[in-house]
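Try each task yourself before you read the solution.

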Amino acid sequence: MIKDSYMKKEIIEEIVSKYKLGKLKEEARRVTGGALNRSYYIKTTKGEYLIKELNPNVMIRKDAIDNHEFAESVSNFVVNQGINAVAAKEFEASAGGGAI
């Protein structure tokens, strides 16, 4: 169910199910333009989402998680100031993995 993509259909479906994002309404699409990570657009019965697949070669750097969290905090700040931007959806950490 994914066009022009590397992430397997089953992984997308698992993410949609685990985080209760609804049911997929159409095939996931790879979004181009990211230099380091891969992104996938999905449309579900509950909304439209972008799933970011972090590059494991980048994430092994010791400062990668801090840099990623800082970038997300900037996005959240900008959105909270009323500026047209998109911030990541936050989920609680679970036994199966950390917060995304």
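What percentage of the 100 residues of the protein count as buried?

**Solution.** Begin with the cut-offs: buried means under 20% relative accessible area, exposed over 50%, and partly exposed in between, with a 1.4 Å probe and protein chains only. On that scale, 19% of the 100 residues are buried. Accessible areas come from the Shrake-Rupley method with a 1.4 Å probe, and for residues only the protein chains shown count as cover. The protein's accessible surface is about 7,500 Å², and carbon and sulfur atoms hold 51% of that.

Before going on, note that this is a predicted model, in which local features need pLDDT of at least 70, side-chain atom pairs count only at pLDDT 80 or more, and totals for chains, interfaces and linings use all residues. Residues are numbered from 1 along each chain as its sequence is written, and side-chain values use heavy atoms, with hydrogens and water left out.

**Exercise 1. Find where confidence is lowest and where it is highest.**

**Solution.** pLDDT is the predictor's confidence in each residue, from 0 to 100. Start with the average, which is 83 for the protein, with 85% of the residues scoring at least 70. Then go by element: strand β1 (residues 2-3) is lowest, at a mean of 51, and α1 is highest, at 92. Finish with residues 95-100, where the pLDDT is below 50; this stretch has 11 contacts in the model beyond near neighbours in sequence. Contact here means heavy atoms within 4.5 Å.

**Exercise 2. List the elements in order from the N terminus.**

**Solution.** Helices (H or I, at least four residues) and strands (E, at least two) are DSSP runs, numbered from the N terminus. The protein has 3 helices and 4 strands, and their order is β-α-β-β-β-α-α.

**Exercise 3. Check the length of helix α3 against its number of residues.**

**Solution.** The expected span is 1.5 Å times one less than the number of residues. Helix α3 covers residues 64-80, so its 17 residues should span 24 Å; the end C-alpha atoms are 24 Å apart, in agreement. After α3 comes G82, with a positive phi near 85°.

**Exercise 4. Describe how β3 pairs with β2 and with β4.**

**Solution.** Two strands pair if DSSP finds at least two bridges between them.

- Take β2 and β3: they pair antiparallel over 3 bridges. Their hairpin has 6 residues between the strands, and G33 in the turn has a positive phi of about 120°.
- Now β3 and β4: these run antiparallel, joined by 7 bridges. Their hairpin connects through 2 residues.
- To locate facing residues, look at V31, opposite S39 in β3, and at Y41, opposite L50 in β4.

**Exercise 5. Is S39 buried or exposed, and what does S39 touch?**

**Solution.** S39 lies in strand β3. Its relative accessible area is 14%, so S39 is buried. Beyond its neighbours within four places in sequence, S39 contacts R29, R30, V31, L50, I51 and K52. The C-alpha atoms of S39 and M7 are 9.4 Å apart, although 32 residues separate the two along the chain. M7 sits in the loop between β1 and α1 and counts as buried because its relative accessibility is 9%.

**Exercise 6. Which residues make up the largest nonpolar core?**

**Solution.** A nonpolar core is a set of buried Ala, Val, Leu, Ile, Met, Phe, Trp, Tyr and Cys residues joined through side-chain atoms within 4.5 Å. The largest has 12 residues: M7, I12, I15, V16, Y19, L21, A28, Y40, I42, Y49, I51 and F91. Two or more residues each come from α1 (9-18), β3 (38-44) and β4 (47-53), with α1 giving the largest share, 3 residues. For one member's surroundings, take I42: leaving aside neighbours within four places in sequence, its contacts include I12, V16, L21 and A28.

**Exercise 7. Are K20 and K25 buried or exposed?**

**Solution.** Both residues are in the loop between α1 and β2. K20 has a relative accessible area of 63%, so K20 is exposed. Its phi is positive, near 50°, in a residue other than glycine. K25 is exposed because its relative accessibility is 54%. Not counting residues up to four places away in sequence, K25 touches K43, T44 and T45.
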